[in-house]
Amino acid sequence: MTDTVLLQVRVSASLLRRVDELCAEGLFKNRSDAVNDALRYLVLRYSRTSPEGKLTSLYLGGRLARSGSPSDMVFKPKREVEVEF
Amino acid sequence: MDAVGSDVLTLHHLAVESDPRYRDNELYLQSLKGEVKAVTVYDLLNLIGSVADAVGEREARELYAAYLRSEEHVVLFPRPPGSWEELMEELMPYVLKGLDHNGALIAMTVASHHEIRRYVTWRKLYRGKMPVNVVSPKECLRSTQV
């Protein structure tokens, strides 16, 4: 593999045991191979996510900066609107 | 905390001034200015759909983002269902009370957030079927005046 970097991350011991089991089953050559596959999936998943999907993910993760209020966003409809009772 | 229904928000954001409920609707929302309000993600999606239809896609997308970023709003998401069986178990009690699918999704979401005290809507059909008291904006105004 060319142009690789060493990535040090902390993972739970139980998760790592499961990854090792997958390697032992032959699904991945080693831990690096498994982590590379997981990261490729992660990048692919978010490259397909819409802006609203990404915003929702940030919101649910508590990582979206909060400011202002949408109350002032009042629009002029193109035609008459009826709101159901 | 009040959870505000999509009908209340739609009357406001689309400025439906010809609607007889508009004045009370505005007074109610003004009375909550500066306070934190809740909106279920299903109500927010209903609102966004109405804005997309009546105004356009760009405005609808901007409004969705503004609600998520808002300091004055909390968007309520239910716990994602693990399976169709789980979803049916959670929704069925509300559907059997006579709520439609949308109402049942809103009820399920409100039920999972204990900080919600009232659901504010003009929809009379929701009364007695939600896990919290259902009131109209007009009734909210009356209760604050007493």
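Patches are made of residues with over 30% relative accessible area and no salt bridge, with like charges joined within 9 Å and nonpolar side chains (Val, Leu, Ile, Met, Phe, Trp, Tyr) joined within 5 Å. Accessible areas come from the Shrake-Rupley method with a 1.4 Å probe, and for residues only the protein chains shown count as cover.

This is a predicted model, in which local features need pLDDT of at least 70 and side-chain atom pairs count only at pLDDT 80 or more, while totals for chains, interfaces and linings use all residues. Residues are numbered from 1 along each chain as its sequence is written, chains are lettered from A and ligands numbered from 1 in the order in which they are written, and side-chain values use heavy atoms, leaving out hydrogens and water.

**Exercise 1. Find the residues of the nonpolar surface patch, and the helix that gives the most to the patch.**

Step 1. Look on chain A for Leu7(A), Val9(A), Val11(A), Leu15(A), Val35(A), Leu39(A) and Leu42(A), which make a nonpolar patch of about 610 Å².

Step 2. Helix H2 (residues 31-47) of chain A gives the most, with three residues. Helices (H or I, at least four residues) and strands (E, at least two) are DSSP runs, numbered from the N terminus.

Step 3. Now pick out Leu15(A), which sits in helix H1 (residues 13-24) of chain A. Buried means under 20% relative accessible area, exposed over 50%, and partly exposed in between (1.4 Å probe, protein chains only). Leu15(A) counts as partly exposed because its relative accessibility is 49%.

**Exercise 2. Trace the salt bridges of Arg61(B).**

Step 1. A salt bridge is a side-chain nitrogen of Lys or Arg within 4 Å of a carboxyl oxygen of Asp or Glu. Over all chains, a search of the whole structure finds 15 salt bridges.

Step 2. One partner of Arg61(B) is Glu52(A), with the closest N and O atoms 2.6 Å apart. This pair joins two chains, because Glu52(A) lies in helix H3 of chain A and Arg61(B) in helix H4 of chain B.

Step 3. Another partner is Glu57(B), where the closest N and O atoms are 2.9 Å apart. Arg61(B) and Glu57(B) both belong to helix H4 of chain B, four residues apart, about one turn of the helix.

Step 4. Check the cover of each member. Glu52(A) is buried at 19% relative accessibility, Arg61(B) is partly exposed at 35%, and Glu57(B) is exposed at 54%.

**Exercise 3. Describe the largest nonpolar core and its contacts around Val51(B).**

Step 1. A nonpolar core is a set of buried Ala, Val, Leu, Ile, Met, Phe, Trp, Tyr and Cys residues joined through side-chain atoms within 4.5 Å. The largest has 36 residues, and those with the most contacts inside it include Leu14(B), Tyr28(B) and Val51(B).

Step 2. Helices that each supply at least two residues of this core include H3 (51-60) of chain A and H1 (6-13) of chain B.

Step 3. Contact means heavy atoms within 4.5 Å. Setting aside neighbours within four places in sequence, Val51(B) is in contact with Phe75(A), Leu14(B), Gly56(B), Glu59(B), Ala60(B) and Leu63(B).

Step 4. Finish with the second, separate core of 19 residues, which includes Leu91(B), Ile106(B), Tyr119(B) and Val134(B).
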